[in-house]
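The sequence and structure come first, and the notes follow by topic.

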Amino acid sequence: MHYPFNEYRIVAVTDRRIVVLDAGRWTMKKARGMVDILPRATRLGPATGVWHLIEFPSGKVRVHRRFYKDMEAADMMIAPVINN
């Protein structure tokens, strides 16, 4: 299924799962429905560049770099990276 570039998605990460919500075409403030449910072990990053592409079962989601810190925090909750 093809999704236009301007359909916003909200990715909600809990301690049990990752939920991808549809926010519509005009705003990313309010969820309108659920699109995907993923296991919590799913990694979202590492992110690079201005736009990071994540492939979910329902389609591709492009994430802007302003959300990279949120993605990194979600991935760190799975298994922290140990720096030597």
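The model is a predicted one.

**Fold and overall figures**

- Along the sequence, the elements come in the order β-β-β-β-β-α.
- The chain has 84 residues, and 27% of them count as buried.
- Among contacts with a separation of 6 or more, 26% link residues 24 or more positions apart.
- The accessible surface of the chain is about 6400 Å², and carbon and sulfur atoms hold 56% of that area.

**Nonpolar core**

- The largest nonpolar core consists of eleven residues: Ile18, Val20, Leu38, Leu44, Ile54, Phe56, Val61, Val63, Tyr68, Met71 and Ala74.
- At least two residues of this core come from each of strand E2 (17-24), strand E4 (51-56), strand E5 (59-64) and helix H1 (68-78).
- Helix H1 makes the highest contribution to this core, at three residues.
- Leu44 is one of the core residues. Leaving aside residues up to four places away in sequence, Leu44 is in contact with Val13, Ile18, His52, Ile54, Phe56, Met71, Ala74 and Asp75.
- Several of these partners of Leu44, including Ile18, Ile54, Phe56, Met71 and Ala74, are themselves members of the core.

**Surface patch and Tyr8**

- A nonpolar patch on the surface is formed by Tyr8, Met28 and Phe67, which together have about 240 Å² of accessible area.
- Tyr8 lies in strand E1, which spans residues 8-13.
- The relative accessible area of Tyr8 is 33%, so this residue is classed as partly exposed, the range between 20% and 50%.

**Asp22**

- Asp22 counts as buried because its relative accessible area is 16%, below the 20% cut-off.
- The Asp22 side chain reaches the backbone nitrogen of Gly24 at 3.0 Å.
- Not counting residues up to four places away in sequence, Asp22 touches Tyr8, Arg9, Lys30, Ala31, Arg32, Gly33 and Val35.
- Tyr8, one of these contacts of Asp22, is also part of the nonpolar surface patch.

How values were computed. Residues numbered from 1 in each chain as written. Predicted model: local features only at pLDDT ≥ 70, side-chain atom pairs only at ≥ 80, totals over all residues. Heavy atoms only, no water. Core = buried A, V, L, I, M, F, W, Y, C linked by side-chain atoms within 4.5 Å. Buried < 20%, exposed > 50% of the residue type's maximum accessible area, 1.4 Å probe, protein only. Helix = DSSP H or I, 4+ residues; strand = E, 2+ residues; numbered from the N terminus. Contact = heavy atoms within 4.5 Å. Areas by Shrake-Rupley, 256 points an atom, 1.4 Å probe, with all protein chains shown as cover. Patch = residues over 30% accessible without salt bridge, like charges linked within 9 Å, V, L, I, M, F, W, Y side chains within 5 Å. Salt bridge = Lys/Arg side-chain N within 4 Å of Asp/Glu carboxyl O. Polar contact = N/O pair within 3.5 Å; in protein donor to acceptor, adjacent residues only side chain to side chain.
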